[in-house]
Amino acid sequence: MNYQVAVRALCEFIAKQGDLDLRFTPAPTAQEGIAGHQTVVSRRGAGYLSELTLAGSYPGLMVIGRADGYDPELNLLEEIKTHRGDISRIPDNHRVLHWAQAKVYGWLLCAELQLEEIDLAVVYFNVVTQKETSFRETFTADELRQFFARQCDRFIAWARQETHHRGARDQQLQELTFPYPSFRSGQRQLAKAVYRAARDGKTLMTQATTGIGKTLGTLFPQLKAMPEQQTDRLFFLTAKTPGRQLALDALQSLRKHSETPLSLRVLEHIARDKACEHPDKACHGESCPLAQGFYDRLPAARAEAVAEQWLDQAAVRRIALKHSVCPYYLSQELCRWSDLVVGDYNYYFDMSALLYGLTVLNDWRVTVLVDEAHNLIDRARGMYTAELDQGIFNTLRKQAPAALKAPLDRVARHWNALHRDQTEDYQIYPAIADLFILSLQKAVSAITEHLTDQPDGNASALILFYFDAMLFCRLAEAYGPHSLFDITRHPGTGRRALSTLCLRNIVPAPFLQQRFTTARSTTLFSATLSPAHYYRDLLGLPEDSQWLEVESPFHSDQLGVSIVRNLSTRYQHRSASLQPISELMAEQFAREPGNYLAFFSSYAYLEQVLERFQRSFPDIPVWSQSRSMNEGERSAFLARFSEHGRGVGFAVLGGAFGEGIDLPGRRLIGAFIATLGLPQINPVNEEMRERLEVMFSDSAGSGYEYAYLYPGLQKVVQAAGRVIRTTDDQGVVYLLDDRFGQRTVRDLLPRWWEISSRLM
């Protein structure tokens, strides 16, 4: 069976050489690139053939692609590249790559048409000046055949290796067995549903209580389904670092219990700032030693990495430093060759997502697992939100080059006009400000031209504003009911008043929908993923998405859940709630000493209860979450929950300790939750409520439920889920607000809970 490779991928694999150079120079956008190609083609004669599909074989290899254009009358094949600025700035290693592509296409065309020779040209088209610069040479068919053979010879060993690897991988995955003697309660039900969704190419939402082994229960069936479904890649996406580690632990258990060494390349892909070895250096060969000669040393590093197969963060770093290449960009290359990538949501879902881009470019069949999927709504909202700060902008204006003064001054005038008559500190506008956006677009164009002409020596503030402004303009083009345009005025009067402009996403569905459509199958799983229509609507999931609530392995006699029906934690009643809450916690602690967590809606409320509790019950140990805790402080907070410890940890609901922490056994025996977790009532949330009411008027939920109730109760259930982690755990949860007794609220709580009521 021949290994199929695209011309572009073949040439990039073989012909890339020299330094890694990430100095920012504006490149044509995708739209400008397409338009540039069309302009060049439109200038050609009537018989000119564009987007010419070509294919050719080499023993063990099939090479395919589309040549940009061929003129039969001139016997001229062209490779068209768009650019900005002086053509002399196109690096030599880019030119070598462009000529390699032209020569491969040249041979494929010679073979197809039985030509003895052909003219090849690399045409550089400046998208600003609309000028073409053509470099043209004549080659014999034999010269091109030899070049093609050399490229294929260099790639064929890799292709054979990849073909062998894929065959071995699929064979072993077919024979893969579950690593433990039996499934946990509910885990088999989960695994069957995930397998069927993968088999049928469906999207699955599954709600499963923590403790059943969701990570292994989703990974195992997806891996089993890969051979039959001819899946190229599996992406395991997480919101936080602990989720990545859980996935790696589950995969290690599969590897250890496999009868033969599992031929599965697993890559942990981490953020650039966490992988960088030289944060004080720029990403180019003149500054960073790991960028110098990167592409010359990449083949050896890549070969060692794919042979090792288990590529967690430590392994990638070790291999990269051994070969003196950048760990992050080695990892980025390995995303092309790994079977399973474990990484953050943004690598598939954000606007410039690496894994999504590779999927589209290579036409991969992928399956996606979304861990703790309840987090995806807020994370995606952040991905598709843009802000511009006027204070930062004004500082930039003072430092900007003279050539940019006029376009930046124009932006400033329109910006000042926007908020000059604004009487409120915060205001949402019914539409985006067209004149401001137009001035911003012109400023982006001016900065682009400046950076093209002067790529070196620019202030970082200019580059950062440029990226922020481009994102703002791009989101403005996609503006609709799913977004808000708002202005926040900062302290100051008259001409000194400053503001922040924000394009704020409230419904990520329009941006995420294509991501789910592109994947062969997606499974979203969490302990809190209901109601299904809420997630389907806001995330843009397919209409035929399936939903499953996995049977809980826990029993009601493990967890005592009590609603305090005569207590209100509403803002106006908080002062009256301090003493009753303190007394209830002390009463429970006296009844059963041990470790407890107490959750509150804000730091202010937490501090009020903490002060009253310490004053009333000074003998009970306490420790508290504080604002802006670093990693060491968070670890110290959790360390207090020892097996034989006693005391109450105070935390904010929805914060670092409300989910994603594991305190089994006696490390945590109870939780007090003094809030429904409802988002704060403010102009943004009220506007969101009104928009959602209109957008989803035909859905089962109301605007209030979408904006307030569902997000709040999700945090409550996550926090309560910290108490019972295994089938041997015992504990209590107190829900401290009379609203927990309302039918609409109780219906959103886990069905396995047996809830009692009590009075203070």
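A cavity is defined here, on a 1 Å grid over the protein atoms alone, as a set of points where a 1.4 Å probe fits but cannot get out, and lining residues are those with an atom within 4 Å of a point. Grid points are joined across faces, edges and corners, and a volume is the space filled by probe spheres set on the points. The structure is a predicted model, in which local features need pLDDT of at least 70 and side-chain atom pairs count only at pLDDT 80 or more, whereas totals for chains, interfaces and linings use all residues. Residues are numbered from 1 along each chain as its sequence is written, and side-chain values use heavy atoms, with hydrogens and water left out.

By these criteria the structure holds two cavities of 30 Å³ or more. The largest cavity has a volume of about 130 Å³, and of the 15 residues that line it, Cys 276, Glu 277, Cys 283, Cys 288 and Cys 326 are the closest to its centre. Helix 11 (residues 327-334) supplies the largest share of this lining, three residues, helices being DSSP runs of H or I of at least four residues and strands runs of E of at least two, both numbered from the N terminus. The lining of the largest cavity comprises eleven nonpolar, one polar and three charged residues, where Ala, Val, Leu, Ile, Met, Phe, Trp, Tyr, Cys and Pro count as nonpolar, Asp, Glu, Lys and Arg as charged, and the others, Gly among them, as polar. The second largest cavity, with a volume of about 40 Å³, is lined by Tyr 384, Leu 475, Tyr 479, Ser 483, Leu 503, Arg 504 and Phe 511; five of these residues are nonpolar, one is polar and one is charged.

The secondary structure of the protein amounts to 26 helices and 25 strands. Seven of the strands form an open sheet with parallel pairing, in the order 21-22-20-23-24-19-25, two strands being taken to pair if DSSP finds at least two bridges between them. Strand 21 (622-624) and strand 25 (755-758) stand at the edges with a single partner strand each, so that one side of each is left without a neighbour in the sheet. Within this sheet, strand 23 (residues 670-674) and strand 24 (residues 731-735) pair in the parallel sense over four bridges, and Ile 673 has Leu 735 of strand 24 as its bridge partner.

Of the 760 residues of the protein, 54% count as buried, that is, under 20% relative accessible area with a 1.4 Å probe and protein chains only.

Key. On a 1 Å grid over the protein atoms alone, a cavity is a set of points where a 1.4 Å probe fits but cannot get out, and a pocket is an open set with protein on both sides within 12 Å along at least five of seven lines; lining residues have an atom within 4 Å of a point. Buried means under 20% relative accessible area, exposed over 50%, partly exposed in between (1.4 Å probe, protein chains only).
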